[in-house]
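Thanks for sending this one over.

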Amino acid sequence: MAPRRPARALERAALALAFAPALWLAGRFAFEGVGPDPIKTLTHATGDWAIRFLLLSLAVTPVRRFAGWRAVAPLRRTFGLAAFAWAAAHGLVWAVLDLGLEPAALLEDVTERPYVMAGMTALAILSVLAATSTRAALRRLGPRWKPLHRAVYVAAAAAVVHHFWLVKADTRPPLVQAALLATLLAARLVWRLRRSAVAPAPTA
(Lines give C-alpha, C1' and ligand atoms only; values in the text may rest on other atoms or scores of the structure.)
Protein backbone atom coordinates (compact mmCIF):
# COMPACT_ATOMS: atom_id res chain seq x y z
CA MET A 1 0.00 0.00 0.00
CA ALA A 2 3.00 2.29 0.47
CA PRO A 3 3.39 3.15 -3.26
CA ARG A 4 -0.16 4.52 -3.20
CA ARG A 5 0.65 7.11 -0.53
CA PRO A 6 2.33 9.69 -2.82
CA ALA A 7 -0.56 9.43 -5.31
CA ARG A 8 -3.14 9.92 -2.55
CA ALA A 9 -1.20 12.86 -1.15
CA LEU A 10 -1.12 14.44 -4.60
CA GLU A 11 -4.85 13.93 -5.07
CA ARG A 12 -5.56 15.55 -1.69
CA ALA A 13 -3.31 18.47 -2.61
CA ALA A 14 -5.11 18.84 -5.96
CA LEU A 15 -8.51 18.86 -4.23
CA ALA A 16 -7.27 21.47 -1.77
CA LEU A 17 -6.03 23.57 -4.67
CA ALA A 18 -9.41 23.25 -6.40
CA PHE A 19 -11.26 24.56 -3.34
CA ALA A 20 -8.68 27.19 -2.33
CA PRO A 21 -9.93 29.96 -4.69
CA ALA A 22 -13.46 29.63 -3.32
CA LEU A 23 -12.16 30.00 0.24
CA TRP A 24 -10.07 32.99 -0.84
CA LEU A 25 -13.10 34.66 -2.43
CA ALA A 26 -15.24 33.98 0.63
CA GLY A 27 -12.54 35.42 2.89
CA ARG A 28 -12.13 38.45 0.67
CA PHE A 29 -15.85 39.20 0.71
CA ALA A 30 -16.02 38.58 4.46
CA PHE A 31 -13.14 40.86 5.41
CA GLU A 32 -13.13 43.44 2.61
CA GLY A 33 -16.79 43.53 1.66
CA VAL A 34 -18.34 42.71 -1.69
CA GLY A 35 -16.98 45.83 -3.39
CA PRO A 36 -18.74 48.15 -5.85
CA ASP A 37 -19.42 45.40 -8.43
CA PRO A 38 -19.52 41.92 -6.84
CA ILE A 39 -21.07 40.31 -9.92
CA LYS A 40 -18.15 41.47 -12.06
CA THR A 41 -15.69 40.22 -9.45
CA LEU A 42 -17.35 36.80 -9.33
CA THR A 43 -17.62 36.61 -13.12
CA HIS A 44 -13.93 37.29 -13.63
CA ALA A 45 -12.76 35.09 -10.76
CA THR A 46 -14.81 32.05 -11.75
CA GLY A 47 -13.86 32.36 -15.41
CA ASP A 48 -10.17 32.82 -14.68
CA TRP A 49 -10.02 29.79 -12.41
CA ALA A 50 -11.95 27.67 -14.89
CA ILE A 51 -9.30 28.29 -17.56
CA ARG A 52 -6.42 27.84 -15.09
CA PHE A 53 -7.67 24.45 -13.96
CA LEU A 54 -8.41 23.43 -17.54
CA LEU A 55 -4.82 24.19 -18.55
CA LEU A 56 -3.55 22.40 -15.43
CA SER A 57 -5.59 19.36 -16.44
CA LEU A 58 -4.07 19.38 -19.93
CA ALA A 59 -0.56 19.77 -18.46
CA VAL A 60 -0.82 16.54 -16.46
CA THR A 61 -0.29 14.16 -19.38
CA PRO A 62 2.85 15.89 -20.77
CA VAL A 63 4.34 15.94 -17.26
CA ARG A 64 3.56 12.25 -16.82
CA ARG A 65 4.96 11.31 -20.21
CA PHE A 66 8.11 13.41 -20.38
CA ALA A 67 9.03 13.35 -16.67
CA GLY A 68 7.84 9.80 -16.06
CA TRP A 69 5.73 10.83 -13.04
CA ARG A 70 2.94 8.26 -13.18
CA ALA A 71 1.55 9.35 -9.82
CA VAL A 72 0.19 12.57 -11.37
CA ALA A 73 -2.08 10.74 -13.83
CA PRO A 74 -5.26 10.91 -11.66
CA LEU A 75 -4.83 14.67 -11.34
CA ARG A 76 -5.98 15.13 -14.94
CA ARG A 77 -9.49 14.10 -13.93
CA THR A 78 -9.35 16.06 -10.67
CA PHE A 79 -8.29 19.29 -12.36
CA GLY A 80 -10.70 18.65 -15.24
CA LEU A 81 -13.65 18.36 -12.86
CA ALA A 82 -12.43 21.48 -11.04
CA ALA A 83 -12.37 23.31 -14.38
CA PHE A 84 -15.94 22.20 -15.08
CA ALA A 85 -17.10 23.26 -11.60
CA TRP A 86 -15.58 26.72 -11.98
CA ALA A 87 -16.91 27.04 -15.54
CA ALA A 88 -20.38 26.05 -14.33
CA ALA A 89 -20.12 28.65 -11.55
CA HIS A 90 -19.04 31.20 -14.17
CA GLY A 91 -22.09 30.37 -16.26
CA LEU A 92 -24.42 30.55 -13.27
CA VAL A 93 -23.10 33.96 -12.23
CA TRP A 94 -23.77 35.22 -15.75
CA ALA A 95 -27.20 33.59 -16.13
CA VAL A 96 -28.60 34.05 -12.62
CA LEU A 97 -26.88 37.04 -11.03
CA ASP A 98 -26.16 39.11 -14.13
CA LEU A 99 -29.20 38.39 -16.30
CA GLY A 100 -31.66 37.17 -13.67
CA LEU A 101 -32.53 34.07 -15.74
CA GLU A 102 -34.47 36.23 -18.17
CA PRO A 103 -35.02 33.99 -21.22
CA ALA A 104 -35.01 36.88 -23.71
CA ALA A 105 -31.79 38.34 -22.30
CA LEU A 106 -30.11 34.93 -22.22
CA LEU A 107 -31.09 34.17 -25.81
CA GLU A 108 -29.94 37.60 -26.97
CA ASP A 109 -26.55 37.19 -25.28
CA VAL A 110 -25.97 33.69 -26.68
CA THR A 111 -27.03 34.54 -30.24
CA GLU A 112 -25.65 38.05 -30.60
CA ARG A 113 -22.42 38.09 -28.56
CA PRO A 114 -19.64 35.94 -30.08
CA TYR A 115 -17.71 35.72 -26.81
CA VAL A 116 -20.80 34.27 -25.09
CA MET A 117 -21.16 31.69 -27.88
CA ALA A 118 -17.53 30.66 -27.39
CA GLY A 119 -17.98 30.43 -23.63
CA MET A 120 -21.15 28.36 -23.92
CA THR A 121 -19.39 26.04 -26.37
CA ALA A 122 -16.61 25.45 -23.85
CA LEU A 123 -19.11 24.89 -21.03
CA ALA A 124 -21.21 22.47 -23.09
CA ILE A 125 -18.15 20.36 -23.94
CA LEU A 126 -16.91 20.37 -20.35
CA SER A 127 -20.37 19.30 -19.18
CA VAL A 128 -20.31 16.26 -21.47
CA LEU A 129 -16.76 15.37 -20.41
CA ALA A 130 -17.62 15.71 -16.72
CA ALA A 131 -20.68 13.50 -17.16
CA THR A 132 -18.56 10.81 -18.86
CA SER A 133 -15.56 11.00 -16.54
CA THR A 134 -16.60 8.04 -14.37
CA ARG A 135 -15.28 4.50 -14.69
CA ALA A 136 -18.78 3.32 -15.55
CA ALA A 137 -18.89 5.76 -18.48
CA LEU A 138 -15.45 4.60 -19.60
CA ARG A 139 -16.64 0.97 -19.66
CA ARG A 140 -19.87 1.90 -21.40
CA LEU A 141 -18.21 3.99 -24.11
CA GLY A 142 -15.25 1.65 -24.62
CA PRO A 143 -12.95 2.76 -27.46
CA ARG A 144 -15.10 5.84 -28.08
CA TRP A 145 -14.12 7.32 -24.70
CA LYS A 146 -10.68 8.61 -25.68
CA PRO A 147 -11.76 10.36 -28.92
CA LEU A 148 -14.63 11.98 -27.00
CA HIS A 149 -12.35 13.28 -24.26
CA ARG A 150 -9.91 14.75 -26.76
CA ALA A 151 -12.63 17.37 -27.23
CA VAL A 152 -11.17 18.95 -24.09
CA TYR A 153 -8.71 20.72 -26.39
CA VAL A 154 -11.64 22.24 -28.30
CA ALA A 155 -13.12 23.36 -24.98
CA ALA A 156 -9.81 24.93 -23.96
CA ALA A 157 -9.49 26.76 -27.27
CA ALA A 158 -13.08 28.02 -27.02
CA ALA A 159 -12.45 29.19 -23.44
CA VAL A 160 -9.33 31.12 -24.45
CA VAL A 161 -11.17 32.70 -27.40
CA HIS A 162 -14.04 33.59 -25.06
CA HIS A 163 -11.61 35.34 -22.74
CA PHE A 164 -9.81 37.13 -25.57
CA TRP A 165 -13.05 38.43 -27.10
CA LEU A 166 -14.36 39.44 -23.68
CA VAL A 167 -11.48 41.67 -22.58
CA LYS A 168 -11.41 45.17 -24.00
CA ALA A 169 -8.05 46.57 -22.91
CA ASP A 170 -5.49 44.20 -21.43
CA THR A 171 -5.25 41.17 -23.73
CA ARG A 172 -2.11 39.82 -22.08
CA PRO A 173 -3.83 37.20 -19.87
CA PRO A 174 -5.72 35.47 -22.72
CA LEU A 175 -2.60 35.68 -24.92
CA VAL A 176 -0.56 33.96 -22.19
CA GLN A 177 -3.27 31.31 -21.92
CA ALA A 178 -3.20 30.85 -25.69
CA ALA A 179 0.59 30.43 -25.59
CA LEU A 180 0.31 27.83 -22.81
CA LEU A 181 -2.36 25.93 -24.75
CA ALA A 182 -0.21 26.01 -27.89
CA THR A 183 2.73 24.66 -25.87
CA LEU A 184 0.62 21.80 -24.52
CA LEU A 185 -0.61 20.95 -28.02
CA ALA A 186 2.99 21.05 -29.28
CA ALA A 187 4.03 18.67 -26.48
CA ARG A 188 1.28 16.28 -27.55
CA LEU A 189 2.52 16.45 -31.16
CA VAL A 190 6.16 15.89 -30.11
CA TRP A 191 5.13 12.82 -28.13
CA ARG A 192 3.23 11.37 -31.09
CA LEU A 193 6.19 11.98 -33.41
CA ARG A 194 8.56 10.41 -30.91
CA ARG A 195 6.36 7.32 -30.62
CA SER A 196 6.15 7.06 -34.42
CA ALA A 197 9.95 7.29 -34.67
CA VAL A 198 10.55 4.44 -32.22
CA ALA A 199 7.72 2.21 -33.47
CA PRO A 200 8.98 -0.99 -35.12
CA ALA A 201 8.80 -1.05 -38.89
CA PRO A 202 6.10 -3.36 -40.32
CA THR A 203 7.40 -6.70 -41.55
CA ALA A 204 6.97 -7.67 -45.16
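Predicted model: local features only at pLDDT ≥ 70, side-chain atom pairs only at ≥ 80, totals over all residues.

1. Leu 92, Val 96, Leu 97 and Leu 101 make up the patch, and its area is about 370 Å². Leu 101 sits in the loop between H3 and helix H4 (103-112). Is Leu 101 buried or exposed? Its relative accessibility is 51%, and the cut-off for exposed is over 50%, so Leu 101 counts as exposed.

2. Next, the largest pocket, which has a volume of about 1400 Å³. Its lining is made of 40 residues, and those nearest the centre are Thr 61, Ala 73, Arg 76, Arg 77 and Trp 145. Two or more lining residues come from each of helix H1 (4-32), helix H2 (38-67), helix H3 (75-98), helix H5 (114-131), helix H6 (135-141), helix H7 (145-149), helix H8 (152-166) and helix H9 (172-198).

3. Which helix gives the most to the lining of the largest pocket? That is H3, with nine residues. By residue type, the lining of this pocket holds 21 nonpolar, eight polar and eleven charged residues.

4. At least two lining residues come from each of H2, H3, H5, H8 and H9.

5. For the second largest pocket, the largest share of the lining comes from H2, which supplies eleven residues. The split by type here is 21 nonpolar, nine polar and nine charged.

6. How many cavities of 30 Å³ or more does a search of the whole structure find? It finds one, and the volume of this largest cavity is about 30 Å³. Thr 61, Pro 62, Arg 65, Phe 66, Tyr 153, Ala 187 and Arg 188 form the lining.

7. Staying with the cavity, H2 and H9 each contribute at least two lining residues. H2 gives the most, with four. The lining divides into four nonpolar residues, one polar and two charged.

8. Last, the charged pairs, where the count comes to two salt bridges. One of them joins the side chains of Asp 109 and Arg 113, at 2.5 Å from N to O. Asp 109 has a relative accessible area of 9%, and it is therefore buried, the cut-off being under 20%. Arg 113, at 38%, is partly exposed.

9. Arg 172 and Asp 170 form a salt bridge as well, and their closest N and O atoms are 2.8 Å apart. Where do these two partners stand in accessibility? Arg 172 is exposed, because its relative accessible area is 60%, and the cut-off for exposed is over 50%. Asp 170 has 36% relative accessibility and so counts as partly exposed.

Key. Residues numbered from 1 in each chain as written. Heavy atoms only, no water. 1 Å grid on protein atoms, 1.4 Å probe; cavity = no way out; pocket = protein on both sides within 12 Å on 5 of 7 lines; lining within 4 Å. Points joined across faces, edges and corners; volume = space filled by probe spheres on them. Nonpolar A, V, L, I, M, F, W, Y, C, P; charged D, E, K, R; others polar. Patch = residues over 30% accessible without salt bridge, like charges linked within 9 Å, V, L, I, M, F, W, Y side chains within 5 Å. Areas by Shrake-Rupley, 256 points an atom, 1.4 Å probe, with all protein chains shown as cover. Salt bridge = Lys/Arg side-chain N within 4 Å of Asp/Glu carboxyl O. Buried < 20%, exposed > 50% of the residue type's maximum accessible area, 1.4 Å probe, protein only.
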